Amino acid sequence: MSDLDPCLTPAQRAGRELARVRGQAGLTQARLAARLGISPSLVAHVERGARTLKPDLAQKCDELFATDGRFTRLCRDITTSFGSPLWFARWLDEIEPRATIFRSWDPLLVPGFLQTEQYARAVFRGHRKLPHDEIEKRVQARMLRNTLIDRDNPPEIWILMDEGVLHRNIGGRETMAEQLDHLSSVAERHNITLQVVPSDTTCTDGLLGAFTIAHMDDAPATVYVDSAGNGEVSTEHGLVSLIWGRYDRLRSEAYRPGDSLVKIKEAGERWTGTI
């Protein structure tokens, strides 16, 4: 499933996937209805997104089309709220491993999954008073996230980063030089597009905080919106559309990827003292 329209509701996304799989199987709506034991009108309503996909029907679709739980996951995305104390665990355990495309914006820091160990350690040390053991635990957890870009079939990653991130002193000159050298390296990977947004842009959408949009082959687009002390993970189409709009406006202000790489390398040279 490759429809990434952020304006689709989860119910519409499930309906389109049902229509697609049904078509691939060569079934009419009437024949599918007969196999599922429901009315053709219900199939039509579900495919239009006018009726939601219920758990029992989702399970029957998975069994009929051998889709390995795809419709069950789509059904859960329709009915499940992500707003809970386990919001980030859900993102790490269920969203990141399945996502095929990431789009992110970071106004203050290097994205977590691109941070070096020393940079991450400096972030946690300066965040609040934490015991040494807790800091190290968080650093190692963050390093595990870095495997996201080293998977055998890595996701496509589009990163927007404020220019001020390149000049914000996190951990000192050596840490910053190492971090920017790492950014320069990953920016040259075929699956990663990294763009720097000028600090003097008139676009204020980026001031509202960091966010990530994740796309999966068998679920609606999901957003992670960062905020002070907490965050939100949601598939609610109104929020997804809002965040997507912010991303597009910020990207329209960004330097081109090649020019962004030049900015990163120049900043790295300043931190090393070579210019």
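Me: Which side chain makes a polar contact with the side chain of Gln195?

Reply: A polar contact is a pair of N or O atoms within 3.5 Å; within protein, one must be able to donate a hydrogen and the other to accept it, and residues adjacent in sequence count only if both atoms are side-chain atoms. Here the partner of Gln195 is the side chain of Arg251, at 3.0 Å. Bear in mind that this is a predicted model, where local features need pLDDT of at least 70 and side-chain atom pairs count only at pLDDT 80 or more, while totals for chains, interfaces and linings use all residues. Residues are numbered from 1 along each chain as its sequence is written, and side-chain values use heavy atoms, with hydrogens and water left out.

Me: Is Gln195 buried or exposed?

Reply: Buried means under 20% relative accessible area, exposed over 50%, partly exposed in between (1.4 Å probe, protein chains only). Gln195 has 6% relative accessibility, so it counts as buried.

Me: Where is Gln195 found, and what does it touch?

Reply: Strands (E, at least two residues) and helices (H or I, at least four) are DSSP runs, numbered from the N terminus. Gln195 is in strand β3, residues 192-197. Contact means heavy atoms within 4.5 Å; leaving out residues up to four places away in sequence, Gln195 touches Arg251, Tyr255 and Ile159, among others.
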